[in-house]
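Here are some notes for a colleague opening this entry for the first time. Please read them with the structure in view.

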Amino acid sequence: MHVQAFLKNFRMSPQKVREVVRQIQGLSALQAKHVLAVIPRKSARAVAKTLDSAIANAENNNGLKAENLIVREALALTAGRLKRMTPKARGSAGPIIKRNSHIKIILSDQ
């Protein structure tokens, strides 16, 4: 059975989140929690929070045990971008693109 959790519009670029997400794919859910606890990055805290939500969904909604769960998929997808401008030389302006990401974690009991 597959259980999933989402974190939408996380204010960090997907490229930075993917570095953390790749480290937990294929691990057991509890082992992934321990790995995320020692990674000193802001994105690791957000991924850990999403993983906790997925584990809670599995336990409360489907009656699955946390010990039997495996991280089947962990994705960092692109979300909407905030477009800002910064002043440049001679009265012109340059773009600043602030990227957001969606974090999606799918757990499986197989």
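In what order do the three strands form the sheet, and is the pairing parallel or antiparallel? The points below start there; note that the model is predicted.

1. The sheet. The three strands are arranged as β1-β3-β2 in an open sheet, and they pair in the antiparallel sense. The edges are taken by β1 (2–10) and β2 (70–87); each has a single partner strand, so one side of each has no neighbour in the sheet. From one strand to the next, the twist averages 15°.

2. The pairing of β2 with β3. Strand β3 covers residues 93–108, and its antiparallel pairing with β2 runs over 15 bridges. For a specific point to look at, take E73: its bridge partner in β3 is I106.

3. Helices on the sheet. Two helices can be described against the strands. Helix α3 (residues 42–62) packs on the sheet, where it touches β1, β2 and β3, and its direction makes about 145° with that of β1. Helix α1 (residues 14–21) also lies across β1, β2 and β3. The angle between α1 and β2 is about 160°.

4. The nonpolar core. How many residues does the largest nonpolar core have? It has 28, and V47 and I105 are those with the most contacts inside it. Two or more residues come from each of β1, α1, α2 (29–37), α3, β2 and β3. The element that gives the most is α3, with seven residues.

5. I105 in detail. Which residues does I105 contact, leaving aside neighbours within four places in sequence? They are V3, Q4, A5, I24, V47, T50, L51, A54, V71, E73 and A74.

6. A loop residue. S13 is found in the loop between β1 and α1. Is S13 buried or exposed? Its relative accessibility is 16%, and because buried means under 20%, S13 counts as buried. Setting aside residues up to four places away in sequence, S13 touches R99 and S101.

7. Aromatic rings. The structure holds zero aromatic pairs. A charge over a ring does occur: K8 lies over the face of F6, at 5.8 Å from the ring centre.

Technical notes
Residues numbered from 1 in each chain as written. Predicted model: local features only at pLDDT ≥ 70, side-chain atom pairs only at ≥ 80, totals over all residues. Heavy atoms only, no water. Pairing = 2+ DSSP bridges. Helix = DSSP H or I, 4+ residues; strand = E, 2+ residues; numbered from the N terminus. Axes fitted to C-alpha atoms, helices over the stretch in contact; angles between N-to-C directions. Contact = heavy atoms within 4.5 Å. Buried < 20%, exposed > 50% of the residue type's maximum accessible area, 1.4 Å probe, protein only. Phe/Tyr/Trp six-rings, centres within 6.5 Å; stacked < 30°, edge-to-face > 60°. Lys NZ or Arg CZ within 6 Å of the ring centre and 35° of its normal. Core = buried A, V, L, I, M, F, W, Y, C linked by side-chain atoms within 4.5 Å.
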